[in-house]
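My notes follow in the order in which I took them.

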Amino acid sequence: MTSRVDAVVALRAAGASLVIQLAAPIPRILHWGADLGEIDQATASALELTAGPAQLNNSPDVPRTFSALPTEFEGWSGTPAIAGNAQGRATTPRPRLVAHEIETSDPMRGGRIALEFEDSVTGLRTTLRYHLDEYGVLAVDTTIVRDAGLSPRIADAPYTLDGVVALLPLPERAAEILDFTGKWCRERSPQRMPFAFGTHLRSAHRGKPGHDSPFLLAAGTPGFGFGHGEAWAVHLAWSGEQRYLAERLTEGAGAFSAVIGAGEELHSGEVILEDGDRYDAPTALFLWSHAGLDGLADRLHRRLRSRAAHPRSPRPLVLNTWEAVYFDHDLDRLTALVERASEVGVERIVLDDGWFRGRREADAGLGDWYVDEGVWPRGLGPLVDLVRAHGMQFGLWFEPEMINLDSDLARSHPDWVLGPAEGLGPASRSQYVLDIARPEAFEYLLERIDALVREHAIDYLKWDHNRDLLEAVSRGDAGDRPSVRRQTVALYRLLDELRRRHPTLEIETCSGGGGRIDLGILDRTDRVWASDCNDPVERGHIERWTRLIVPPELLGSHLGAARSHTTARTTDLAFRLTTALTAHAGIEQDLTAVDAAELAVITRWAEMYREFRSLLHTGRVVNADLTDDATALTGFVAQDGASALFTWSRFATSPAGQSGRVRLPGLDRDAHYTVRIREDLGAASRHQGDDPAWVADAVTHPVRLPGSVLAVAGIPLPTLNPQQSMLIEIRRIEV
């Protein structure tokens, strides 16, 4: 690193930029958002000149600034970047820039800025790293090292870290906030509100992000939507406890109006740094878009798809056995199910919960990862061989982080159960949490999972996690130590080691459905289970918002039974199939209970999935901004714009009798297209007399329409009955 301190430096990529002034004693953020172009001397001087706000009444005698590591020393009364104490002392940090490093080999494809700070008050050495990738996603990483030599007065006192938050400023026009809440079977439920004064704080305190995870915190211009408005957002790539905040003080944030940020939610005493100890904060990902939420999603999808480990092979059609057989693991019944799946065109079979010792219901057996000899007297071999004989892959369900007290593991190692020495709290789903940060427990899990994967050449693991972590302390010589962070780090190590040993193994992350979906877990897995709810009405909403971060090829979606297992709602087969089509598709319905006519429709759907999955799993996701919340129009547009598939869905009735002209986002206004209604799965039920004329024609043959009509003027869409969907295929006419 270099120690020169006077420059204004910028990172620029994909229409976004971050501009920092390397001022002493601490750099300040001059700009984050739209690309300002090349930062020449005149622009740099102008940004410096306008970086200072007014000196307000009843305020510090110098104007406040907003720095890279905001503290009270600068007059910042909001949430500090770093909080903690050394046995009650050293609570007023004063970081000072001592070195920096800049990497910008291609000024239009992002780059890196690393800032190194020393603090003689806290005895902390902090490194702050900004990385703007070529897709315009800004990753912020913070590393803190305790260096007792920096502060001799507290050299003998360990430093308790209470919080580290990555913060970036927002302009005045970011006037609304959007984040998410939810519950089991209703994950990613959006909530929008004005960006008022004060702190909007969301803490995920469940040992994981949770079904009510904030997921993505966005601030935007008034009324920002899927396809319009400026939006600034942050996502924490971390599978433990999280903290998101949007903060607006009356005095602003330097020359800015407000801030957003994210960091790990730390328990008291969870991170105590002795001399030489290090804390690596989870990566906070910041995004800006001039094209609304779809613009944010496109940046994240491109980033994910560029990873070396991103799935490249066609995503196989899955059959998961859970809703078909539950705990009834009978080989004859499963044989019939596998054979039906093969007829339909399934490419991967996943044997869900119930295969291991003592697991006849959900109240016993977790932790005993041995095949139950009473249920499987010849082991899993006969089923695995059958699956492979039909040319399909084989997957297996695990819940490694959990334990039932009614298990051989718990009886042999009661101290491996995460919880206080005074006694365990209440069970959840009849289960507790295994202390996987304990080396012996970690090695046991690694050995058992590795052995089963090797024995059966398992292609795929479904990795579940069905309860929150409460009183998550590890018993041992040091007493009841808070262990959520240690548990999360151990999970990452376990997944990483399994992937190292089995490079082709794919892993699906599930947590009672969608209770642990973040870009930290997705660095180590290949698929997310968005929800335990296969009801297409709920599923459509859940997946629309999950796609803000997760591209369709990583998003599992399954066909369930007509009467939903989780909501008791009954829906048509075509609606269920259409909903599952536009993701990484799968089946949970018991195919042995399906009649010949329905089986034929499911087979056609499997063919459609193979026809469209290349488009669905590489294209841009777009959503129409509609005034009617009972409807949704979602598109998947090829990166070259040559083709697209849209779903037009209705979830409930509306006061309006018809849609009016609806724009199809993502299409080129100057191109010409053919438009076809795909009714391979059956015609959607209408709540009208006749279709609009173009629809009636497009049902029987492709209709030619210019992009100016499709994307700008809009087209009238049929009024569907509730719980119905229509597929619209679009192909560009090459001139």
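**Conventions.** I am working from a predicted model, where local features need pLDDT of at least 70, side-chain atom pairs count only at pLDDT 80 or more, and totals for chains, interfaces and linings use all residues. I number residues from 1 along each chain as its sequence is written, and side-chain values use heavy atoms, with hydrogens and water left out. Helices (H or I, at least four residues) and strands (E, at least two) are DSSP runs numbered from the N terminus. I call two strands paired if DSSP finds at least two bridges between them.

S1 and strand S2 (residues 16-21) run antiparallel and are joined by six bridges. Within that pair I noted alanine 10 opposite valine 19 in S2. Contact here means heavy atoms within 4.5 Å. Axes are lines fitted to C-alpha atoms, for helices over the stretch in contact, and angles run from 0 to 180 degrees between N-to-C directions.

I checked the loop between S2 and S3, which holds proline 25. The peptide bond joining alanine 24 and proline 25 is cis, with omega about 5 degrees. For reference, most peptide bonds are trans, and most residues other than glycine have a negative phi.

I then picked out two residues on the phi criterion. Arginine 188, in strand S11 (residues 186-194), has phi near 55 degrees. Arginine 188 is buried, with a relative accessible area of 4%. Serine 430 has a positive phi of about 65 degrees and sits in the loop between helix H6 (408-412) and strand S24 (432-433). Serine 430 is partly exposed at 39% relative accessible area. My cut-offs are under 20% relative accessible area for buried, over 50% for exposed and partly exposed in between (1.4 Å probe, protein chains only).

Which way do the side chains of strand S13 (residues 217-220) point? Leu217 and Ala219 point one way, Ala218 and Gly220 the other way, and all are buried. S13 pairs with strand S10 (residues 176-183) in the antiparallel sense over three bridges, and leucine 178 has alanine 218 as its bridge partner. Four bridges join S13 to strand S14 (residues 231-237), also antiparallel, and glycine 220 has alanine 231 as its partner in S14.

I asked how many residues of helix H9 (residues 536-546) are buried. Ten of the eleven are, so the helix is largely enclosed by the rest of the structure. At the start of H9, a side-chain oxygen of aspartate 535 comes within 2.9 Å of the backbone nitrogen of valine 537. A polar contact is a pair of N or O atoms within 3.5 Å; within protein, one must be able to donate a hydrogen and the other to accept it, and residues adjacent in sequence count only if both atoms are side-chain atoms.

Helix H11 (residues 596-616) has 21 residues and reaches 28 Å from its first C-alpha to its last, close to the 30 Å expected. The expected span is 1.5 Å times one less than the number of residues. I found a kink of about 35 degrees centred on arginine 610; the bend is the angle between axes fitted to the seven residues ending there and the seven starting there. Aspartate 595 caps the N-terminal end of H11, with a side-chain oxygen 3.2 Å from the backbone nitrogen of alanine 597. The buried residues of H11 include Trp605, Tyr609, Phe612 and Arg613.

Six strands form an open antiparallel sheet in the order S32-S33-S34-S39-S36-S37. Strand S32 (620-623) and strand S37 (703-706) are the edges, each pairing on one side only. The twist averages 25 degrees from one strand to the next. S32 pairs with strand S33 (residues 631-637) over four bridges, and arginine 620 has valine 637 as its bridge partner. Helix H10 (residues 573-581) lies across strand S34 (643-650) and strand S39 (724-732), at about 45 degrees to S39.
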